[in-house]
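Hi,

Here's the structure I promised to pass on.

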Amino acid sequence: PGSGFNQANKNIMVVKGIRDCLWVGSPGVGTEVDPSEQSELRDFLVHEHKYLPVFIEERRETTYYSGFCKQVLWPLFHSMTPTAEELIRHHAFEDDATESECG
């Protein structure tokens, strides 16, 4: 996996520490899972890791990633300003860190 995936994985771990969430996504291009095994794998990943895999054929996933994801989602979500709640949490964390370093 590329650095984008690694960063996404780090981000989801931070979010999971703050909120109860479920990560929905594809296991990735080239990770074909036999249809007879998808249900069991899906159940395991949901219950053990709060990850809901969406199994997509490789051609469709490549087209989606290169098209909609990179052309629409990436610019949309990377141009968002943080919410007030996110700013408050960020600064509260900084205040806690500063107090522990200075106190």
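Predicted model: local features only at pLDDT ≥ 70, side-chain atom pairs only at ≥ 80, totals over all residues.

Which residues gather in a patch of negative charge on the surface? They are Asp 34, Glu 37, Glu 40 and Asp 43. For patches, I took residues with over 30% relative accessible area and no salt bridge, joining like charges within 9 Å and nonpolar side chains (Val, Leu, Ile, Met, Phe, Trp, Tyr) within 5 Å. Asp and Glu count as negative, Lys and Arg as positive, with His and the chain ends not counted; a charge is placed at NZ of Lys, CZ of Arg, CG of Asp or CD of Glu.

Residues are numbered from 1 along each chain as its sequence is written, and side-chain values use heavy atoms, leaving out hydrogens and water.

Overall, the protein chain has 4 helices and 2 strands (DSSP runs numbered from the N terminus: helices are H or I with at least four residues, strands E with at least two). From the N terminus the order is α-β-α-β-α-α. Buried residues are 11% of the 103 in the chain (buried is under 20% relative accessible area, exposed over 50%, partly exposed in between; 1.4 Å probe, protein chains only). The accessible surface is about 8500 Å², with 58% of that belonging to carbon and sulfur atoms (Shrake-Rupley, 1.4 Å probe; for residues, only the protein chains shown count as cover).

Back to helix H2 (residues 35-49), where Glu 40 sits. Glu 40 is exposed at 65% relative accessible area. Gln 38 is also found in H2, but counts as buried at 18%. Leaving aside neighbours within four places in sequence, Gln 38 is in contact with Val 33 and Phe 55 (heavy atoms within 4.5 Å).

There's also a nonpolar surface patch of about 380 Å², made by Tyr 64, Tyr 65, Phe 68 and Val 72. Tyr 64 lies in helix H3 (residues 58-78) and is partly exposed at 38%.

The salt bridge count comes to 1 (a side-chain nitrogen of Lys or Arg within 4 Å of a carboxyl oxygen of Asp or Glu). Lys 50 pairs with Asp 20, with the closest N and O atoms 2.8 Å apart. Lys 50 is in the loop between H2 and strand S2 (51-53) and Asp 20 in the loop between helix H1 (3-18) and strand S1 (23-25), so the bridge ties together parts 30 residues apart in sequence.

Cheers
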